[in-house]
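Walk through this fold from its overall layout down to single residues. Keep the viewer open as you read.

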Amino acid sequence: MTNFELQQLVEHISKTAFHQPFRHRASFNNRLKTTGGRYLLATHQLEFNPKMANLPVFEQIIKHELTHYHLHLAHKGYQHKDTDFKQLLSQVGGIRYAPDIGQRQKTQHLWHYQCENGHDIFKHRRFQVGRYRCGQCGARLTLLGEVLNK
Ligand SMILES: [Zn+2]
Ligand SMILES: [Zn+2]
């Protein structure tokens, strides 16, 4: 599945299951290991694990991430512990946890940084942006926000 096909699939599932459009970007990220997908709170983008794209549960993984997405945009409870999240997730038939492929990895908090040239950087630890530079181009970094890394 290409990124373009993924984008189409996410838009389609959003329309049919949530009756609302998906207006942001969905893409594959090779660096996701055991996580099925993630939602970037700052940019509203969705990222998915390409290793899970052929699994029968992949649509349910998309529904899980879209549940975060739509609730966050509607200013409702978008976290796993929230009642809004649990209700909408079961309503659309989303999966609660991504299937375990490979070794189990503890889900960690993730922070989304971006450099002045638009390179995305994800770190488990929050740090002072003034003390670090982009690893790819050396430009300054800003903290965009949190990532729901599951
Ligand atoms: Zn950079
Ligand atoms: Zn989640």
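What follows moves from the whole chain to its cores, then to selected residues.

This is a predicted model, in which local features need pLDDT of at least 70, side-chain atom pairs count only at pLDDT 80 or more, and totals for chains, interfaces and linings use all residues. Residues are numbered from 1 along each chain as its sequence is written, chains are lettered from A and ligands numbered from 1 in the order in which they are written, and side-chain values use heavy atoms, with hydrogens and water left out.

Start with the layout. The chain has three helices and six strands. Helices are DSSP runs of H or I with at least four residues, strands are runs of E with at least two, and both are numbered from the N terminus. Read from the N terminus, the order is α-β-β-β-α-α-β-β-β.

Next, the overall dimensions. The C-alpha trace spans about 45 × 35 × 30 Å along its principal axes.

Now the surface. The accessible surface of the chain is about 9000 Å², and carbon and sulfur atoms account for 45% of that area. Areas come from the Shrake-Rupley method with a 1.4 Å probe; for residues, only the protein chains shown count as cover. Of the 150 residues, 43% count as buried. Buried means under 20% relative accessible area, exposed means over 50%, and partly exposed lies in between (1.4 Å probe, protein chains only).

The chain carries 21 positive and 11 negative charges, and their mean positions are 7 Å apart. Lys and Arg count as positive, Asp and Glu as negative; His and the chain ends are not counted. Each charge is placed at NZ of Lys, CZ of Arg, CG of Asp or CD of Glu. Among contacts between residues at least 6 apart in sequence, 51% join residues at least 24 apart. Contact means heavy atoms within 4.5 Å.

What lies inside? In soluble globular proteins, nonpolar side chains tend to be buried together. A nonpolar core here is a set of buried Ala, Val, Leu, Ile, Met, Phe, Trp, Tyr and Cys residues joined through side-chain atoms within 4.5 Å. The largest one has 26 residues, and those with the most contacts inside it are Leu6, Val10, Leu46, Phe48, Phe58, Ile62 and Leu66. Helix H1 (3-18), strand S1 (26-28), strand S3 (45-48), helix H2 (58-73) and helix H3 (83-92) each supply at least two residues of this core. H2 gives the most, with six. Beyond its neighbours within four places in sequence, Leu6 is in contact with Met1, Ala26, Ser27, Phe28, Phe48, Phe58 and Ile62. A second, separate core has seven residues, including Tyr113, Ile121, Cys134 and Leu141.

Which residues does Gln7 contact, leaving aside its neighbours within four places in sequence? They are Phe22, His24, Arg25 and Ala26. Gln7 lies in helix H1. It counts as buried because its relative accessible area is 13%.

Tyr78 sits in the loop between H2 and H3. His68 is ten residues from Tyr78 in sequence, with 5.0 Å between their C-alpha atoms. Apart from neighbours within four places in sequence, Tyr78 is in contact with Leu41, His68, Leu71, His72, Phe85 and Leu148.

Arg126 belongs to the loop between strand S5 (120-123) and strand S6 (141-148). Its relative accessibility is 56%, so Arg126 counts as exposed. Arg126 still touches Trp111, Tyr113 and Leu143, not counting residues up to four places away in sequence.

Finally, look at the backbone. Most residues other than glycine have a negative phi. His19 has a positive phi near 55 degrees. His44 also has a positive phi, of about 65 degrees. His19 lies in the loop between H1 and S1, and His44 in the loop between strand S2 (37-40) and S3. His19 counts as exposed at 65% relative accessibility, whereas His44 is buried at 19%.
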